[in-house]
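Work through the exercises below with the sequence and the model open side by side. Each task is followed by its solution in steps.

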Amino acid sequence: MVILHIKPQSVSLLQTKKSVLSGNETSWASQTPGKSVTKDSSFVSVDLLASCIKEVLSEIPKLADKDVSVVLDHTLYKLLRVEIPEGVVQADYHTFLKDQYIKSGNNKQDQHVFEMIVKEFENKKFGFVYTFEKSALATLEQALSLLELKPTTIVPEHLAFYALFEKTLRLDKHEHILFAQYESETLEGYFFDTFGPVSISKAWRKDKVNANNIESILKEKADAWAKDMPKLNRIVIAGSD
């Protein structure tokens, strides 16, 4: 399995594969190109993205698979969360969610790739609609093609991060979580509840953060969240630094 995580200021790659002794070997590498590989909600260029990915690949001993799962930074997609009413049957999920997406003010369907995920709980159903620009997809596919790679799945980082702790959540307790990631002096935060991402608009990023200041920043963000929303039940921190 090969996972490529693309952020404005960094490109990371994680590879897991079976070893000779039937265990798992893990390889990880990251590059900070010195300038952003993204601009607004797309990529700067095919050449810059391909160059950054190539640099990361040079740090991996041998790539076992040409199929790549891509995790995109939250600035590259739009994410909408919708609770699906009881009366909507499974065959109508796609139509219902697309209608809700249009009603939310997103009318440029012809310029975006539209994907959805539905999560069902004991008595609730939530649809997560995410879209990204077709031009961004074309740039990504071209950059990977130059390196003889192929994207098999493209996932918003909100959903990728949620998957990390999803199995620890209790359905009988409606939890609210702040997931924070610290890497290369950048601290980022994303809010979730038991059912998934809460709102992409609430995601935040702070640059040039000293590790000693992480606790005070997280407390500030948690207090700000609690002014309008239920108090956080936990804070999850991840990162390589």
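**Exercise 1. The largest pocket**

What volume does the largest pocket have?

Solution. The model is a predicted one, in which local features need pLDDT of at least 70 and side-chain atom pairs count only at pLDDT 80 or more, while totals for chains, interfaces and linings use all residues. Residues are numbered from 1 along each chain as its sequence is written, and side-chain values use heavy atoms, with hydrogens and water left out.

Step 1. A pocket is an open set of points on a 1 Å grid over the protein atoms alone, where a 1.4 Å probe fits, with protein on both sides within 12 Å along at least five of seven lines; lining residues have an atom within 4 Å of a point.

Step 2. The volume of the largest pocket comes to about 520 Å³.

Step 3. The lining consists of 21 residues, and those closest to the pocket centre are I3, H5, L14, V71 and F161. Two or more lining residues come from each of β1, β2, β6, β10 (150-156), α4 and β11. Helices (H or I, at least four residues) and strands (E, at least two) are DSSP runs, numbered from the N terminus.

**Exercise 2. Helix α1**

Check the length of helix α1 (residues 46-57), then state what caps and covers this helix.

Solution. Step 1. The expected span is 1.5 Å times one less than the number of residues. For the 12 residues of α1 this gives 16 Å, and the end C-alpha atoms are 16 Å apart, so the two values agree.

Step 1. At the N-terminal end the cap is S45, with a side-chain oxygen 3.1 Å from the backbone nitrogen of L48.

Step 2. Buried residues (under 20% relative accessible area; exposed is over 50%, partly exposed in between; 1.4 Å probe, protein chains only) in α1 are V46, L48, L49, A50, C52, I53, V56 and L57. Among the elements that cover them are β1 (2-7), β2 (10-18), β3 (24-31), β5 (42-43) and α3 (134-146).

**Exercise 3. Salt bridges**

How many salt bridges does the structure hold?

Solution. Step 1. A salt bridge is a side-chain nitrogen of Lys or Arg within 4 Å of a carboxyl oxygen of Asp or Glu. The structure holds 10 of them.

Step 1. K7 pairs with D73, with 2.8 Å between the closest N and O atoms. This pair joins strand β1 to the loop between β6 (67-72) and β7 (78-83), across 66 residues. Both K7 and D73 are buried. They also belong to a salt-bridge network with E157, E188 and R205.

Step 2. K124 and E83 meet at 3.5 Å, N to O. K124 is in the loop between β8 (112-120) and β9 (125-133) and E83 is in strand β7, so the bridge ties together parts 41 residues apart in sequence. K124 is partly exposed at 30%, and E83 is partly exposed at 43%.

Step 3. R234 and E175 meet at 3.1 Å, N to O. R234 is in strand β15 (residues 234-238) and E175 in the loop between α4 (157-165) and β11 (176-183), 59 residues apart. R234 counts as partly exposed at 23%, whereas E175 counts as buried at 7%.

**Exercise 4. T131**

Is T131 buried or exposed?

Solution. Step 1. T131 is in strand β9. Its relative accessibility is 1%, so T131 counts as buried.

Step 1. Leaving out residues up to four places away in sequence, T131 touches (heavy atoms within 4.5 Å) L76, Y77, K78, Y101, H112, V113 and F114.

Notes:
A polar contact is a pair of N or O atoms within 3.5 Å; within protein, one must be able to donate a hydrogen and the other to accept it, and residues adjacent in sequence count only if both atoms are side-chain atoms. Grid points are joined across faces, edges and corners, and a volume is the space filled by probe spheres set on the points.
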